[in-house]
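Hi everyone, thanks for coming. I'd like to walk you through one model today, so please bring it up on your screens.

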Amino acid sequence: MSAVTSPARPASSGLSARTINRIVIYGLLALFAVFYLMPLFVMLVTSFKTMDEIQNGNMLALPQSPTIEPWFKAWGETCVGLTCAGIKGYFWNSIKMVVPAVLISTLLGALNGYVLTKWRFRGHTLVFAMMLFACFIPFQSVLLPMATILGSLGRFGVTLQNATGFNFGLGNSTVNLVFVHVVYGLGFTTLFFRNYYEAFPTELVKAAQVDGASFFQIFRRIMLPNSMPIFVVTVIYQFTNIWNDFLFASAYAGTGDVMPMTVALNNVVNTSTGVVEYNVNMAAAMIAALPTLIVYIVAGRYFVRGLMAGAVKG
Amino acid sequence: MAFLEIDGLKKRFGNVEILKGINVELEKGGFLVLVGPSGCGKSTLLNTIAGLEQITEGEIRVDGRAINDLHPSKRDIAMVFQSYALYPNMTVAGNIAFGMEMRGVPAAERQAAIDKVAKILQIGHLLNRKPSQLSGGQRQRVAMGRALVRDPKLFLFDEPLSNLDAKLRVDMRIEIKRLHATTGTTIVYVTHDQIEAMTLATKIAVMRDGEVQQFGTPAEIYNNPTNIFVADFMGSPAMNLIPAKIDGNGAGLSVVLDREARQPIVLPMPGAPAGLAAFKDKQVIFGVRPEALTDPEGAERNGSNIATADCHIEVVEPAGSDTFAVTNLGGKGVVARLRADARIQPGTSTPLAFNLSKAVFFDPATEKRIR
């Protein structure tokens, strides 16, 4: 209010109410930003320090003689449990699990959204409500049932192995995690795509039908190419969730060579042999956090609004 | 046998009957316009022809072949949508060729077809653009190109001009008419704009509440409306529908129009329709179009039955090409269409000529025409 009326008044008080407001607002914002960035800053500077400096110096001080040795050590030499070959193997474990899980869950979500909005059937709202319900199921409550299911799948894999000589990936820890994350992510991805396709012009689908395109041709040629914004949102969301997941990872792939990054990082930090190498731990944590950061930066550029402009009336 | 035949078509959503038995037919090369207020079922009817909606009862035949159970792509139709429905991820050329691509037409053949259509519609310079880079009129052309390229038996247009501004709409209307004249295609066109209906159609179906109110040529619809709804809906300004009384003496019937605080106007009706005799001393609705109510100098000289009466002019609207005068008859504002240079002042009385050979009568109870 004062901002509107102040220009009419004589500027007698020196600092107008408007300026004070600005100072308070930006001051608070800056304070919170510093508060929020502090841990990241500590992690980053610590990962470039030598152990001597960490033990003797100030936690917030910049590194006196910066070294990237801790990063190499974290990547290739540090001990995870009893094996000391760095975190690189586990990093690839995570990649191998995350990429298929994100792609499959996103594509299935898109397909669900397409059917739930453009090929409606009797009871489609009920189906959608049930899928939505999946978003509210706590992780912990599915741990045991899922373990049972994965166990059965594993036994079925053994049967297949005996019968055909190939187990089709059943029983493999990475495949198991992909399966779990796809199932668990489907509720979210369906929700995203359904809401996006709800506003998608149905006339485009009708036009494609008249043009002779089939169900999947319409999906692939019309729906998917025009879904970039929601596709990117879903990929970012799924990638971050699945990459950062610790509970499912530790429950279904918590030991040995199959551990994903998150579990391995936990084991790096918990390994107690001699001195705690804070710089290596910090570097390992940074490496573990990098992919989500990269996904945000790279995918965010494609997150363009208004791709639908020009599809329908002008 | 007609080219397009729609036979007893019914469409129900649950218990709601959207289309209540439609019977329409169209000759080859004809231009059928489905016109009516929103919610009358005209777009649903078009969608059933396209195959985008299933029908509950009846049959749709094109060229003697029943098509109502065929998939849209198998019906040999092309459709232009209200929103144009151009695929935003494809170029103009891609949009036009998409249907051919789906049918597996070889690339060289597709290119030839695109070029041909682009030439007809003068969109050759736009072929590599995306729909978002086009203006409204250009999108409209591309949408028509996508339909034209299929060379279908039947074209369907779903309110194609309603998203354009007034001037462009008139231009595109002429364009569509020219296209129809040069290509000789058979077209079914949906609109709520009665001027589009009158100017484009060879046959008009006026619809209301899922029923065809009247089906005929534009002239039939305009001059011989079968009921009050059609008379009122078609024509701009609308037909004057004046409550009147029928009087009769030995000589014949006459129409009595009440006026406020003045003597009623009595118009003799020598050529009255036969059915009017039954309404002697009863109320009817007297319908006269504005152009049949004009200044005596502007009236048709050779009209068989012209009566003149002094009327009190309340409002004058000069429209450039014509001057519209509003008077009060039978308790309603009545519009007369006068020559542009007619000397007329509001608040005065002036003689107006009623062209009674163009007048029509309706039964106020049933709203049907008295013939």
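**A walk through two chains**

Let me begin inside chain B, where five residues of domain 1 of chain B are in contact with five residues of domain 2 of chain B. By contact I mean that the C-beta atoms of two residues, placed from the backbone, lie within 7 Å. Before going on, a word on what you are looking at: this is a predicted model, local features need pLDDT of at least 70, side-chain atom pairs count only at pLDDT 80 or more, and totals for chains, interfaces and linings use all residues. As for labels, residues are numbered from 1 along each chain as its sequence is written, while chains are lettered from A and ligands numbered from 1 in the order in which they are written.

On the side of domain 1 of chain B that touches domain 2 of chain B, the residues divide into three nonpolar, one polar and one charged. Here Ala, Val, Leu, Ile, Met, Phe, Trp, Tyr, Cys and Pro count as nonpolar, Asp, Glu, Lys and Arg as charged, and the others, Gly among them, as polar. Where do the domains of chain B run? Domain 1 covers 4-233 and domain 2 covers 240-362, with bounds that come from an automatic or database domain assignment. Taken over C-alpha atoms, the centres of these two domains of chain B are separated by 39 Å.

Now the sheet in chain B. Five strands form an open sheet in the order β15-β19-β16-β17-β18 of chain B, and the pairing is antiparallel. Two strands pair if DSSP finds at least two bridges between them; helices (H or I, at least four residues) and strands (E, at least two) are DSSP runs, numbered from the N terminus. Which strands stand at the edges? They are β15 and β18 (332-339) of chain B; each has a single partner strand, so one side of each is left without a neighbour in the sheet. Zooming in, β16(B) and β17(B), residues 322-329, pair in the antiparallel sense over five bridges.

Leaving out residues up to four places away in sequence, G298(B) touches L338(B), R339(B) and A342(B). G298(B) is partly exposed, because 17 other C-beta atoms lie within 10 Å. The cut-offs, with C-beta atoms placed from the backbone, are 20 or more other C-beta atoms within 10 Å for buried, 12 or fewer for exposed, and partly exposed in between.

A quick geometry check on a helix: α5 of chain B, residues 166-183, has 18 residues. At 1.5 Å a residue, α5(B) should span 26 Å, and its end C-alpha atoms are 26 Å apart, which agrees. That expected span is 1.5 Å times one less than the number of residues. After α5(B) comes G184(B), whose phi is positive, near 65°.

Over to chain A. How many helices and strands does chain A have? It has 14 helices and zero strands. A compact globule of 314 residues would have a radius of gyration near 20 Å, but chain A has 26 Å. That radius is taken over C-alpha atoms, and the globule rule is 2.2 Å times the number of residues to the power 0.38. The C-alpha trace of chain A spans about 70 × 70 × 35 Å along its principal axes, and 32% of the 314 residues count as buried. Of the contacts in chain A with a separation of 6 or more, 71% come from residues 24 or more positions apart.

A299(A) and V232(A) are 67 residues apart along the chain, with their C-alpha atoms separated by 6.2 Å. Beyond residues up to four places away in sequence, A299(A) touches V232(A), V235(A) and I236(A).

Chain A is divided too, into domain 1 (12-67) and domain 2 (88-302). Their contact takes seven residues from domain 1 of chain A and eight residues from domain 2 of chain A.

Last stop, the two chains together: 26 residues of chain B are in contact with 21 residues of chain A. On the chain B side, β6 (77-80), α2 (92-102) and α4 (136-148) each supply at least two residues. That side of chain B divides into 15 nonpolar, eight polar and three charged residues.
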